[in-house]
Amino acid sequence: MSDSPWTIERIHDALAAPALAQRFLAEINKAPAHELLTTFAKWERIARDTQAALDRADEVIEYDARGEEPPGEWVDGTRRIQEAADRIRAQGAA
């Protein structure tokens, strides 16, 4: 992760998903002057979190490529995801 200061361009690039980056640009461009810092800080946090998640995913991929278990405690969320999918299907969404 870079130690460079966060800028509009860096936040845009760190968001990774084009739709999310577009949403950021729309919000920052439409924010009134008195809300610019708050809007910037919100998206800086989102960009930091996104970048941290991507960095962590890269680390896990590297462990997997070496045939090793990544460090830390991992929780299997398969059952919880299946239950949520079942609830959504029952509501007629899928």
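**Helix packing and the nonpolar core in a predicted model**

Helix α4 is followed by Gly 92, whose phi is positive and lies near 85°, where helices (H or I, at least four residues) are DSSP runs numbered from the N terminus. The structure is a predicted model, in which local features need pLDDT of at least 70 and side-chain atom pairs count only at pLDDT 80 or more, whereas totals for chains, interfaces and linings use all residues. Residues are numbered from 1 along each chain as its sequence is written, and side-chain values use heavy atoms, with hydrogens and water left out. Helix α4 itself comprises residues 78-90, and the 18 Å between its end C-alpha atoms agrees with the 18 Å that its 13 residues should span at 1.5 Å a residue, the expected span being 1.5 Å times one less than the number of residues.

Helix α3 covers residues 36-65. Its 30 residues reach 43 Å from the first C-alpha to the last, close to the 44 Å expected at 1.5 Å a residue. Just after α3, Gly 67 takes a positive phi of about 75°. A positive phi is also found at Ala 16, a residue other than glycine, with a value near 70°; Ala 16 is placed in the loop between α1 and α2.

Within α3, the residues Thr 39, Phe 40, Trp 43, Glu 44 and Ala 47 are buried, a term that denotes under 20% relative accessible area, with exposed meaning over 50% and partly exposed in between (1.4 Å probe, protein chains only). An α-helix has 3.6 residues a turn, so residues three or four places apart point the same way. The buried residues of α3 pack against α1 and α2, contact being defined by heavy atoms within 4.5 Å. Thr 38 and Glu 59, 21 residues apart in sequence, are 32 Å apart in space, C-alpha to C-alpha.

The axes of α2 and α3 come within 10 Å and cross at roughly 165°, where axes are lines fitted to C-alpha atoms, for helices over the stretch in contact, and angles run from 0 to 180 degrees between N-to-C directions. The two helices α2 and α3 are therefore roughly antiparallel to each other, a description applied to angles over 145 degrees. The contact involves Leu 20, Arg 23, Phe 24, Glu 27 and Ile 28 on the side of α2, and Leu 36, Thr 39, Phe 40, Lys 42 and Trp 43 on the side of α3. Ala 19 also belongs to α2, but Ala 19 is exposed, with a relative accessible area of 61%, and its C-alpha atom is separated by 17 Å from that of Arg 48, 29 residues away along the chain.

The largest nonpolar core has 10 residues, namely Trp 6, Ile 11, Ala 14, Leu 15, Ala 21, Phe 24, Ile 28, Phe 40, Trp 43 and Ala 47; such a core is a set of buried Ala, Val, Leu, Ile, Met, Phe, Trp, Tyr and Cys residues joined through side-chain atoms within 4.5 Å. Two or more residues of this core are given by each of α1 (8-14), α2 (18-30) and α3. In soluble globular proteins, nonpolar side chains tend to be buried together. Phe 24, one of the core residues, touches Ile 8, Ile 11, His 12, Leu 15 and Trp 43, when residues up to four places away in sequence are not counted.

Methods:
Angles under 35 degrees count as roughly parallel, over 145 as roughly antiparallel, 65 to 115 as roughly perpendicular and the rest as oblique.
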